[in-house]
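Colleague: I would like to learn how to read a ligand site and the spaces inside a protein. Please take one feature at a time.

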Amino acid sequence: MKRVRTITALRATLSPIRSAGRRVALVPTMGAFHDGHVALMTAARHEADLVVVSLFVNPTQFGAVEDLARYPRDEATDARRADAAGVDVLFAPSVEEMYPPGFATTVDPGPIARGLCGDHRPGHFAAVATVVTRLLGIVAPDLAYFGLKDYQQVAVIRRVVADLALPVTVRALPTVREPDGLAMSSRNRQLSPDERTRARSLYGAMQGAAALRETGVREPAALVAAVVEALRATGIAAEYVELRDAETLGAPGCGRPAVLALAATVGTTRLIDNIVLPATDWST
Ligand code: AMP
């Protein structure tokens, strides 16, 4: 696996591959790899001729209250895991390479970035859309891989790719979970043992709502209330719990699947998760 830090070096590496008509895949990441990241790399490996993983902890997508400095970083271990997953190129640029002097453009993804995490992290999705658009411009991949753990992020990226007619196919992969159901996340390593135990109730609470839906409960508010209550029982105050149309992220549409999404701070670590509930006649 080749490690590359500049756009010039990356383009020089990719140029002969592209000339030969080979398919290039990009997996954008912020590092601290876990099995969720590896699943994206493995899928990319199966589908493309050359796999690029970008590793960039994007400072602009962190809010003032979040600690950018606290975000886990371990490039040496990440490089070993990416290599073992069959990645060809690890693109790990500096902040200056990604945001050179004079950088001024922002990609605003519009209403899809509002609600859910968008309301609690002002500017977050514009920052994500901007950095992903720049990465797509740098790598010009045929395929780009994202995880549905970050459900709204995937919706934002699909919107941006469609609206800006970016020549890339977006693949979204299911959430990889720990054996007890907790969604894998780089942030999980910030949890204390007690917080880690309590964090399992995020998935458990959503599973409880899914079971309620199976018993015929169709009111979004009732399902949301059940999740909030189950979290409260383990001492976790939800930042938000919402049921939204799985595609538009608007109000749940009758006869359409819906996504149950939540964010909660466990100790001092903000975690998100979601599950998709099958289509039904949501009573709104
Ligand atoms: P991150 O490094 O957290 O920015 O994540 C990089 C990519 O991995 C994003 O597309 C995430 O949605 C995806 N990802 C993170 N956690 C998981 C997971 N548990 N399962 C599947 N994909 C994930």
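Modeller: What follows goes from the ligand to the cavities and then to a pocket.

Modeller: This is a predicted model, in which local features need pLDDT of at least 70 and side-chain atom pairs count only at pLDDT 80 or more, while totals for chains, interfaces and linings use all residues. Residues are numbered from 1 along each chain as its sequence is written, and side-chain values use heavy atoms, with hydrogens and water left out.

Colleague: Which residues are the closest to the ligand?

Modeller: A residue counts as near if one of its heavy atoms lies within 4 Å of the molecule. Here 18 residues surround the ligand, and the closest are Met-30, His-37, Asp-150, Val-176 and Met-184. By class, eight are nonpolar, eight polar and two charged. In this scheme Ala, Val, Leu, Ile, Met, Phe, Trp, Tyr, Cys and Pro are nonpolar, Asp, Glu, Lys and Arg are charged, and the others, Gly among them, are polar.

Colleague: Where does a polar backbone atom of Met-30 lie relative to the ligand?

Modeller: A polar contact is a pair of N or O atoms within 3.5 Å. The backbone atom of Met-30 is 2.9 Å from an oxygen atom of the ligand. For His-37, a side-chain N or O atom is 2.8 Å from a ligand oxygen. A ligand nitrogen lies 2.8 Å from a backbone N or O atom of Met-184. Taken alone the ligand exposes 480 Å², of which the protein buries 93%; such areas come from the Shrake-Rupley method with a 1.4 Å probe.

Colleague: How many cavities are there of 30 Å³ or more?

Modeller: On a 1 Å grid over the protein atoms alone, a cavity is a set of points where a 1.4 Å probe fits but cannot get out; a pocket is an open set with protein on both sides within 12 Å along at least five of seven lines, and lining residues have an atom within 4 Å of a point. The count is two cavities.

Colleague: What lines the second largest pocket?

Modeller: Its lining includes Ile-112, Tyr-151, Arg-158 and Glu-247. Helix H7 (residues 151–163) gives the largest share, six residues; helices here are DSSP runs of at least four residues. The lining divides into eight nonpolar, one polar and three charged residues. The volume of this pocket is about 240 Å³.

How values were computed
A polar contact is a pair of N or O atoms within 3.5 Å; within protein, one must be able to donate a hydrogen and the other to accept it, and residues adjacent in sequence count only if both atoms are side-chain atoms. Grid points are joined across faces, edges and corners, and a volume is the space filled by probe spheres set on the points. Helices (H or I, at least four residues) and strands (E, at least two) are DSSP runs, numbered from the N terminus.
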